[in-house]
Structures are given as C-alpha cells and as structure tokens.
Amino acid sequence: MIADRNLTSAPVRAARAPYGSPVSIDTCRARLVAMLVAAALVCVAPLSAQDDGARVGTKAPVVMVNDLAGTPTRVGHVAGKRAAVIEFWATWCDLCKELLPRVRVAQQKYGDRVDFYGVNVTVNESKARVQRYVTSEHPPWVTLYDDKGVAVRAFKAPATSYVVIVDRDGLIRYVGSGGTQDLSAELAKVVGK
C-alpha cells in the first residue's frame with residue numbers, strides 16, 4: 001500500500017529560466033496567461049458581423065491612442081469628417097497577414113475619402129518589433145500602439161484581424177474578423193463607389 005503523502009507541505013521551488021536564473025511562480029503564471037490570451041486571439045474563428053465586439057448602428061467611441069512616436073491620435077470619429085477603417089492587429093497574426101492585401105486594395109480605392117488606422121493590440125509586442133514590421137511591410141494605415149488597451153476596450157475588440165468601419169456621421173456600419181473580409185465591398189456601402 002502506498003503511504004498518503006502530504007504534498008501541501010512540500011517546498012515550492014522557483015522555476016528556472018534559461019541560463020539558470022530563477023523565475024518566480026507569479027512570473028510563470030503571468031507568462032502562461034499571456035500565452036493563453038495570445039493563443040485565444042489566434043484561434044478565434046472568423047466573426048460574422050454581430051458575433052461579438054462593437055455593434056453595427058451604434059455610435060463609435062472616440063479614444064486617444066499613441067502612434068509609434070508617442071503622438072496621441074484620435075481614433076473613432078470626429079463629427080462631419082471622413083469615414084474610418086480601424087483594424088486591430090498584431091505582427092504575429094496570420095489572419096492579419098492574410099487580410100493585409102485586401103486592406104491595401106481598399107486604401108488605394110477609398111483612401112481619398114476614408115482614414116485607415118491599424119491599432120496594434122500589443123500582446124507579446126514591443127514598439128521596436130512593431131516598428132520593424134511597419135518598416136518592412138508598409139501597411140496602408142496610421143499605425144497606433146495601444147499599450148494601455150484603450151481602443152481594444154472601447155471597441156470591444158474580441159480578436160486580432162477585427163475590423164470596424166465607421167461612417168462620416170460616427171455610426172459603426174461594419175464589424176468583422178478574419179483574413180477574407182471584403183473591405184472594398186463594405187466601404188462601397190458606406191461611402192459609395
């Protein structure tokens with residue numbers, strides 16, 4: 001018969017990071033949570049227009065988010081101004097990479113009438129990594145670094161590749177997620193062909 005051992009009294013040892021430096025249990029837990037959040041964002045199935053997030057037909061929130069240089073930028077809507085496309089993205093997001101050519105086409109076609117914003121969700125992202133990506137890939141938007149999660153919370157962004165289209169009156173006219181969104185068709189409904 002195996003003796004019942006009291007495992008609760010066993011000493012807890014810190015995990016070891018590379019090169020033998022100790023890492024606290026809290027640090028391990030924080031890293032695990034970050035990895036689970038990142039995995040959840042990557043594994044989310046494409047959303048239909050009303051599965052989650054901001055609601056079509058409601059007023060868009062207006063928030064301030066810094067660009068990569070630290071300059072505050074208004075995201076959302078300014079009454080009487082242009083329509084806006086807002087994509088929540090990350091450098092590691094495969095769906096965002098799949099969507100990028102469609103964003104480029106939409107920006108080329110509607111960029112004279114629509115503002116394009118790329119809100120980096122900053123999960124496992126440094127400013128330097130985002131800047132390297134922007135320098136190499138030249139995404140067709142104003143790149144914002146949402147390190148405080150202000151825009152993510154305001155727009156209730158459930159995942160990366162999440163897109164919100166706001167019309168000139170400040171109403172949310174489209175929300176969706178995934179790499180195959182037809183942004184040009186959606187923008188045609190908002191600003192005309």
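Predicted model: local features only at pLDDT ≥ 70, side-chain atom pairs only at ≥ 80, totals over all residues.

Reader: OK, and which residues of helix 5 are buried?

Author: In helix 5, residues 183-191, the buried ones are Leu183, Ser184, Glu186, Leu187, Ala188 and Val190. Their cover includes strand 5, helix 2, strand 6, strand 8 and strand 9.

Reader: What order do the strands take in the sheet?

Author: The order is 7-6-5-8-9, five strands in an open sheet with mixed pairing. Strand 7 (142-145) and strand 9 (172-177) are the edges; each has a single partner strand, so one side of each has no neighbour in the sheet. On average, neighbouring strands are turned by 20° against each other, ignoring direction.

Reader: What packs on that sheet?

Author: Helix 3, residues 127-137, does, and it touches strand 5, strand 6 and strand 7. The direction of helix 3 makes about 165° with that of strand 7.

Reader: And which residues of helix 3 are buried?

Author: Val130, Tyr133 and Val134 are buried there. Looking down the helix 3 axis, the buried residues fall within an arc of 100°, so they line one face of the helix. They pack against strand 5, helix 2 (94-110), strand 6 and strand 7. After helix 3 comes His138, with a positive phi near 50°.

Reader: Back to the strands. How many bridges link strand 5 and strand 6, and in which sense do they pair?

Author: Seven bridges, in the parallel sense, between residues 83-89 and residues 114-120. Glu87 sits opposite Gly118 of strand 6.

Reader: Then how does strand 5 run against strand 8?

Author: Antiparallel, with five bridges joining them. Ala84 is opposite Val166 in strand 8.

Reader: Where does strand 8 go next?

Author: Strand 8 forms a hairpin with strand 9, with five residues between the two. Gly170, in the turn, has a positive phi of about 90°. The two strands are antiparallel, again over five bridges, and Val166 faces Ile172 in strand 9.

Reader: Which way do the side chains of strand 8 point?

Author: Tyr162, Val164 and Val166 point one way, while Val163 and Ile165 point the other way.

Reader: Nice. What about the largest nonpolar core, which residues have the most contacts inside it?

Author: That core has 48 residues, and the ones with the most contacts inside it are Ile86, Phe88, Phe116, Phe155, Val164 and Leu187.

Reader: What does Phe88 touch?

Author: Leaving out residues up to four places away in sequence, its contacts include Cys96, Val119, Val121, Val152, Phe155, Tyr162 and Val164.

Reader: Switching topic: where does Glu125 sit?

Author: Glu125 is in the loop between strand 6 and helix 3. With a relative accessible area of 8%, Glu125 counts as buried, because the cut-off for that is under 20%.

Reader: Which side chains make polar contacts with the side chain of Glu125?

Author: Thr91 is one, at 2.6 Å, and Asn120 is another, at 3.0 Å. Glu125 also touches Ala90, Trp92, Val130 and Tyr145, among others.

Key. Residues numbered from 1 in each chain as written. Heavy atoms only, no water. Core = buried A, V, L, I, M, F, W, Y, C linked by side-chain atoms within 4.5 Å. Buried < 20%, exposed > 50% of the residue type's maximum accessible area, 1.4 Å probe, protein only. Contact = heavy atoms within 4.5 Å. Pairing = 2+ DSSP bridges. Helix = DSSP H or I, 4+ residues; strand = E, 2+ residues; numbered from the N terminus. Axes fitted to C-alpha atoms, helices over the stretch in contact; angles between N-to-C directions. Arc of directions from axis to C-beta. Polar contact = N/O pair within 3.5 Å; in protein donor to acceptor, adjacent residues only side chain to side chain.
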